[in-house]
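Here is a short note for someone opening this structure for the first time. Please read it with the model in view.

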Amino acid sequence: METSPHSHPPAIGWRRWLLKIGIDVPLTHRWRVHLLPRFFVTLGIGFCLFLVGLLGMATYSTSPAFCNSCHIMTPYYEAWRTSQHYGKAKCVDCHYPPSDGLGELLWHKFQASSQVVKYITRTYSSKPFAEIEDASCLRSGCHSTRLLEGQVLTKHGIRFDHRPHLSEPRRGRQLRCVSCHSQIVVGTHVEVTYSSCFLCHFRDGKTGDVGEPGVGCQGCHNLPEQSFQVGNMSFNHQDFVVKRGLACKNCHLDVTEGEGKAEKDRCFTCHNQPEKLEKYDDIPFLHENHVTKHNVACLHCHKELKHGFQEAGKAAIAPLNRPAVPESFLTRHRTPALAFDCNFCHEQKHVGQLEMYSGRVDSLGLPNIPSPMYTAQVDCVGCHYREQKDKPSPEFGGVTVAAAPQACIKCHGEAFTGMWEEAQSALKATLAALDKKIELVKEALAKATLAADALAPLHTQFAQVTRWHDFVRFARGEHNVYLASAALRKEDAALGELGSALKVPLPDTTNLPLLNGSYCATMCHTKLGVLVPPATVQVDGKTMPHKAHTEMMGCASCHELGGHKDVPLHADIKTTLCAGCHAE
């Protein structure tokens, strides 16, 4: 059978497949290859498909879904999915800065490809770390105008300006966007970590005073204009900070927790080279190298320092237990150095004062009456800010900070002049009067000839009386005159019962303000111009001569005297006190 010189010989095996794509390999000349037109068509189609696939892969590789295909990225992907960047910015928008040219773009692609290779070869780190450049955040279409906004108010009510933090060194450190907007724990993604702010503003106790622009409390916080209800009192910051010039820290203490230290152990998380660890004490170098050059978030190295409004009374004020004996004390006979522990001798200092101030003394059977200043969260140094004058050498003898009478005036104005001294004087006079009663009852108990079962309850009651007396004396009743008055009234009533049981006459003390309840009017209200007591009041539709009754029997006879403005009538006053003098 003859064949045409231009016809193709029968194709067999692999020649048949080559022929289909336009490559003709004749049987007679196996090394002579003819490229048919269909080969160039196939090559063109293949090249187009390659470009489409390459473009598609390049596009897909920039999507968050591609990042999530690596299982170690899942927590970070989920954090991004619940963040404010979701739907607005892809992973590569932040993790790779804008490219200036093709070379930089290819370099970024190479870096991304190397991450894929590490994942496939299982050579990746289980703790991925990314350096996010400021250029990524400040690129066009994202936060390019952030530095021009000036002061903004955050959702937490904090006044903040980006420009000075990013364009100028702060405390000698050049900050980056991720210094404050970081991901320190899985679950948040490039959000403000206020703990980073607290490290700069409160580290080493540099909190600043009111009036120092950008440093003190009002550098970040606007002064509240509205009034606050504190217990049964109304409080407005303007009256104290603006009118009287008080600093925030006069009332708001304990607003920070922790020291924010950067311990050397944290260095081992990233480094194990001795030459790098030797740089631990070179603070400027560490901040320049980590924060400025490599955009490391502050809390990767520093422990968290918390800042916030602490609830008053959060610290335990229950009776303190003696501390356990230190191991160093038990074994010091084997070591030349002594282990000194002041708590062996100085135990439970100021426990009584704390109980008096907070009103928490359930063990004494007294009502819970906190001081109004405790309710307003005024710490001890609100009054104790004056150094003792009888300490010639604070360097060696120490300094005891005593309460200053000027503290009342500093916060409450000139109308409170002398009020603190008057409270001390009233307490001293009342305690002295009750001392005489206690001595008389004590002598009567010693001479009593009652039966043992009748005498035992009297001794128990007398022991309780002395506890109330000692509480007011040693816990300094001026810390909380309301609770001190309640304790002294219970003491006086109990002494009266003991005097009746022992048939011993006791001095009349009903004229003392702290015992008859008139101390509010005589010590405070008259100085402030409050009309107490009013001449008449309406009770059950009847006009009652209020002033006449208070002058005759005091306030405590009719009222349950609790804390400030807490003076309800006795529940059974009509059937007891009123019925004794007035007929129906």
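Predicted model: local features only at pLDDT ≥ 70, side-chain atom pairs only at ≥ 80, totals over all residues.

The points below go through the core, the surface patch and the salt bridges.

1. Main core. Start with the largest nonpolar core, which has 41 residues. Leu366, Phe471, Val472 and Leu488 have the most contacts inside it. Five elements are listed as giving two or more residues to this core: α19 (419-447), α20 (452-474), α21 (481-502), α22 (513-516) and α23 (519-528). The largest share, eleven residues, comes from α21.

2. Around valine 472. Which residues does valine 472 touch, not counting those up to four places away in sequence? They are Met356, Leu427, Leu431, Gly477, Ala484, Ala487 and Leu488. Leu488 is also one of the residues with the most contacts inside the largest core.

3. Nonpolar surface patch. Phe47, Phe50, Leu51 and Leu54 make a nonpolar surface patch of about 410 Å². Leucine 54 lies in helix α2 (residues 37-61). Its relative accessibility is 48%, so leucine 54 counts as partly exposed; exposed would need over 50%.

4. Salt bridges, overall. Side chains of opposite charge can pair when their charged atoms come close. The count here comes to nine salt bridges. Three examples follow.

5. Within a helix. Arginine 81 forms a salt bridge with glutamate 78, with the closest N and O atoms 3.1 Å apart. The two are three residues apart in helix α4 (residues 74-81), so about one helical turn separates them. Arginine 81 is partly exposed, at 37% relative accessible area. Glutamate 78 is partly exposed too, at 33%.

6. Lysine 243 and aspartate 239. Their side chains meet in a salt bridge (3.3 Å, N to O). Aspartate 239, at 31%, counts as partly exposed.

7. Across the chain. Glutamate 263 forms a salt bridge with lysine 303, and the closest N and O atoms are 3.1 Å apart. This pair links distant parts of the chain, 40 residues apart. Glutamate 263 sits in the loop between β9 (256-257) and α12 (274-277). Lysine 303 sits in the loop between α13 (283-293) and β10 (306-307). Glutamate 263 is partly exposed at 34% relative accessible area, and lysine 303 is partly exposed at 35%.

Key
Residues numbered from 1 in each chain as written. Heavy atoms only, no water. Patch = residues over 30% accessible without salt bridge, like charges linked within 9 Å, V, L, I, M, F, W, Y side chains within 5 Å. Areas by Shrake-Rupley, 256 points an atom, 1.4 Å probe, with all protein chains shown as cover. Salt bridge = Lys/Arg side-chain N within 4 Å of Asp/Glu carboxyl O. Helix = DSSP H or I, 4+ residues; strand = E, 2+ residues; numbered from the N terminus. Buried < 20%, exposed > 50% of the residue type's maximum accessible area, 1.4 Å probe, protein only. Core = buried A, V, L, I, M, F, W, Y, C linked by side-chain atoms within 4.5 Å. Contact = heavy atoms within 4.5 Å.
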